[in-house]
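Here is a short tour to read beside your sequence and structure.

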Amino acid sequence: MKRVHPPSELLEFAQVLAHADKKCYLVGGAVRDYLIGREVSDFDVATDARPEEVLGLYRRVIPTGIKHGTVTVLWKGLTIEATTFRTESEYADGRHPDKVEYAATIEEDLSRRDFTMNAMAFDLEARAFLDPHSGQEDIKRRLVRAVGDPLERFREDGLRPLRAIRFATQLGFEIEAATLAAIAPSIDR
């Protein structure tokens with residue numbers, strides 16, 4: 001399995017947060033793609049800094065999703081989506097959370113994510129992995145597996161079953177049995 005080698009500009013971005021006593025983790029597809037050996041150009045970070053704190057730390061910030069805790073920072077040639085640790089609940093439209101609350105830890109944030117391979121974090125200051133749902137193991141096994149109860153994950157967001165199929169197809173992975181079994185009932189409601 002490949003290693004994570006973030007660009008120096010991203011490490012410098014994280015240092016700004018660290019100097020403000022804030023955490024900064026590379027999350028989502030970038031971590032997955034580094035481990036698979038794919039090119040990475042899309043950088044999402046999770047932080048305990050609130051959007052207004054991020055706005056105060058960087059000069060070029062776009063308030064792309066303030067109500068969901070997300071801002072986009074333009075930093076030394078990179079576009080970095082920074083989102084405050086959060087939890088989500090109540091998906092009345094079957095796609096978007098009705099309720100977003102800030103979480104205290106990265107672990108809480110990772111527990112809301114769709115698949116184990118997308119629920120890993122790389123601490124940009126300590127340069128260490130956080131993998132509470134065994135995403136690295138699933139990548140080694142070439143497996144798409146939902147975080148937690150697959151049916152619950154899919155009912156939260158109607159695009160997740162399609163994402164499971166897309167990831168399996170694009171990456172040449174298998175869909176884990178319980179995750180695969182949850183696809184049809186999640187669509188048929």
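Why does Ser134 count as partly exposed? This is a predicted model, and in it Ser134 has a relative accessibility of 36%. Since buried means under 20% and exposed means over 50%, with partly exposed in between, Ser134 counts as partly exposed because its 36% falls in that middle range.

Ser134 also has a backbone angle to look at: its phi is positive, near 60°, although the residue is not a glycine. Arg127, likewise not a glycine, has a positive phi of about 55°. The table puts the two side by side.

| Residue | Phi | Location |
|---|---|---|
| Arg127 | about 55° | loop between β8 (121-123) and β9 (128-130) |

The largest nonpolar core has 42 residues, and the members touching the most others are Leu10, Phe13, Leu26, Leu124 and Val144. Elements giving two or more residues to this core include the helices α1 (8-19), α2 (29-36), α7 (160-171) and α8 (177-187), along with the strands β1 (24-27), β2 (43-47), β4 (70-75) and β5 (78-84). The largest share, 5 residues, comes from α1.

Leaving aside neighbours within four places in sequence, Phe13 is in contact with Cys24, Val45, Tyr58, Val73, Trp75, Ile80 and Ala82. Apart from this core lies another one, of 8 residues, including Ala46, Ala103, Leu110 and Ala121.

Notes:
Residues are numbered from 1 along each chain as its sequence is written. This is a predicted model: local features need pLDDT of at least 70, side-chain atom pairs count only at pLDDT 80 or more; totals for chains, interfaces and linings use all residues. Side-chain values use heavy atoms; hydrogens and water are left out. A nonpolar core is a set of buried Ala, Val, Leu, Ile, Met, Phe, Trp, Tyr and Cys residues joined through side-chain atoms within 4.5 Å. Buried means under 20% relative accessible area, exposed over 50%, partly exposed in between (1.4 Å probe, protein chains only). Helices (H or I, at least four residues) and strands (E, at least two) are DSSP runs, numbered from the N terminus. Contact means heavy atoms within 4.5 Å.
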